[in-house]
Amino acid sequence: MASYDRGFTSSAAKLSVTSSYAGVAVTGSTALDASAQPLPAACYLAWLHGEIDTIASSATEITWYIALDSAGDRPITSEVTVAIVEGNTDATDGGVSTTIGLDYLAPAGAAGTLYVFAKTNTGTCSLTPRLHWRRS
């Protein structure tokens, strides 16, 4: 695979989001996006984007954070609550984004994988997270 100065890493599957936290690994899987790339061990985490579909039961906000572990017990960002921007022609589709601005150096044994945890204010949706980075 070619080396790039910037890119994004994505999850292998959509995250089913409810009003309780759930998490998904972002590993650079190309299952949902052929342009995804592995996360470098040292990089600048620029922003987090979430493509949303199947919005149901009045979900209007996502609260999310990034963690080092699959349990969500080792966060590297603060929780951020953002409004879901609904699609122009389909109110069950939408998106969210958050600026991160964090120099990241993977601890031993954690290179290549971070976890995105998300919950809605109410209702449900499906989320495809994309963590955008550039090399430090």
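**Entry 1: cysteines**

I looked up Cys125 and found that this residue counts as buried, because its relative accessibility is 2%, which falls under the 20% cut-off. I keep in mind throughout that this is a predicted model. I then turned to Cys43, which also counts as buried, since its relative accessibility is 0%. How many disulfides does the structure hold? I found 0 disulfides. As a reminder to myself, a disulfide is a covalent bond between the sulfur atoms of two cysteines.

**Entry 2: the open sheet**

Next I followed the strands, and I noted an open sheet of 4 strands whose order is β3-β9-β5-β6, with antiparallel pairing. Which strands stand at the edges of this sheet? They are β3 and β6 (80-83), and each has a single partner strand, so one side of each is left without a neighbour in the sheet. Going from one strand to the next, I read an average twist of 30°.

I then looked at one pairing by itself: β3 and β9 are joined in the antiparallel sense over 5 bridges. To find my place in the structure I picked out Val24, whose bridge partner in β9 is Val116.

**Entry 3: aromatic rings**

I searched for aromatic pairs and found that the structure holds 2 of them. One is formed by Tyr21 and Tyr65, and I recorded it as edge-to-face, with 5.2 Å centre to centre and 80° between the planes. Where in the chain do Tyr21 and Tyr65 lie? Tyr21 is in the loop between β2 (15-17) and β3 (22-26), whereas Tyr65 is in strand β5 (residues 61-67), so that the pair links distant parts of the chain, 44 residues apart.

Since Tyr65 lies in strand β5 and Phe117 in strand β9 (residues 114-120), the pair ties together parts that are 52 residues apart in sequence. Both Tyr65 and Phe117 are buried.

**Entry 4: putting the rings together**

Finally I wrote down that Tyr21, Tyr65 and Phe117 form one aromatic cluster.

Key: Residues are numbered from 1 along each chain as its sequence is written. This is a predicted model: local features need pLDDT of at least 70, side-chain atom pairs count only at pLDDT 80 or more; totals for chains, interfaces and linings use all residues. Side-chain values use heavy atoms; hydrogens and water are left out. Rings of Phe, Tyr and Trp (its six-membered ring) pair if their centres lie within 6.5 Å; planes under 30 degrees apart count as stacked, over 60 as edge-to-face and the rest as tilted. Helices (H or I, at least four residues) and strands (E, at least two) are DSSP runs, numbered from the N terminus. Buried means under 20% relative accessible area, exposed over 50%, partly exposed in between (1.4 Å probe, protein chains only). A disulfide is a pair of cysteine sulfur atoms within 2.5 Å. Two strands pair if DSSP finds at least two bridges between them. Axes are lines fitted to C-alpha atoms, for helices over the stretch in contact, and angles run from 0 to 180 degrees between N-to-C directions.
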